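Thanks for coming. I have a short tour for you today, with one stop at a time. Please have the picture open while I talk.

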Amino acid sequence: MARQGILIVLSGPSGTGKGTICKALLAQSTSLHYSISATTRQPRPGEVNGVNYWFIAPDEFRTMVEQNELLEWAEVYGNYYGTPRRWVADMLHSGQDVVLEIDTQGAMQIKKQFPQGVFVFIIPPSLRELEDRIVKRGADSPAVIAKRLGCVQEEIGFAPQYDYAVVNDEVAAATAKIAAIILAEKCRMDRNTDLIEAIGKRGSIE
Ligand code: ADP
Ligand code: 5GP
């Protein structure tokens, strides 16, 4: 039986660079897979259904919740977002690593179900830089930007419940740190007891 993949959860305030880092991470790794969330948010220009999100109507989202199809879900900045359960379970079961880019409320729900998950909080170098990034992204109206920036302190309040803190000062450096975290997590003794048993019993890890 394949060993379980690792579940990596990335959170951080809007505009910190989670999506940018995820894209860079996925480009470097063939064993890491991005969980496409369902959302009731309207697509931004350039966003594609089934690539960035599953863009669905509120009714459809409600049905997914009622049918227990979401591993976690939350209302974030006025829209609903959730992680499809089946895809994540299948990937982990077949030994593939999965990254969830989700908000702090969702991350806390995942932590209860997957205490063995790896929880990474991405921090902007400063609040000024965060504001610059979210404005320069050009994706949200001033009202939406204000709403998102208004949540930053509350979100940062959850940071101590994560395992790792990574400052996104420079994309390549932050991405390298997260890749290193994943590599180290894969080597943890408690994720490798099967190898230790095999070498002890059969003289080989094969
Ligand atoms: P999030 O997914 O956390 O909301 P994004 O990945 O969309 O954030 O990044 C927000 C904006 O900041 C984007 O325009 C992105 O290109 C830019 N950005 C991301 N990381 C950095 C960085 N390290 N330095 C400068 N700009 C960045
Ligand atoms: P955005 O609208 O900028 O794409 O995302 C807004 C926020 O929703 C971000 O904090 C993002 O991480 C979060 N988010 C995206 N997908 C999910 C999800 O499936 N579940 C939860 N709880 N949050 C999500």
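First, the ground rules. This is a predicted model, in which local features need pLDDT of at least 70 and side-chain atom pairs count only at pLDDT 80 or more, while totals for chains, interfaces and linings use all residues. Residues are numbered from 1 along each chain as its sequence is written, chains are lettered from A and ligands numbered from 1 in the order in which they are written, and side-chain values use heavy atoms, with hydrogens and water left out.

Let's begin with strand β8, residues 118-123. Strands here are DSSP runs of E with at least two residues, and they are numbered from the N terminus. Five of the six residues in β8 are buried, where buried means under 20% relative accessible area, exposed means over 50%, and partly exposed is in between, using a 1.4 Å probe and protein chains only.

Which strands pair with β8? Two strands pair if DSSP finds at least two bridges between them. Strand β1, residues 7-11, runs parallel to β8 with four bridges, and V9 has F119 as its bridge partner.

Next, ligand 1. There are 15 residues around ligand 1, and G15, K18, G19, T20 and R137 come nearest; to be counted, a residue needs a heavy atom within 4 Å. Some polar contacts follow, that is, pairs of N or O atoms within 3.5 Å; within protein, one must be able to donate a hydrogen and the other to accept it, and residues adjacent in sequence count only if both atoms are side-chain atoms. An oxygen atom of ligand 1 lies 2.9 Å from a backbone N or O atom of G17. For N168, a side-chain N or O atom is 2.9 Å from a nitrogen atom of the ligand. The protein covers 73% of the 570 Å² of accessible area that ligand 1 has on its own, by the Shrake-Rupley method with a 1.4 Å probe.

Finally, the loop between β3 (38-39) and β4 (54-55), where T40 sits. Is T40 buried or exposed? T40 counts as buried because its relative accessibility is 12%. Its side chain reaches the backbone nitrogen of Y80 at 2.9 Å. P45 is in the loop between β3 and β4 as well, but P45 is exposed, since its relative accessible area is 81%.
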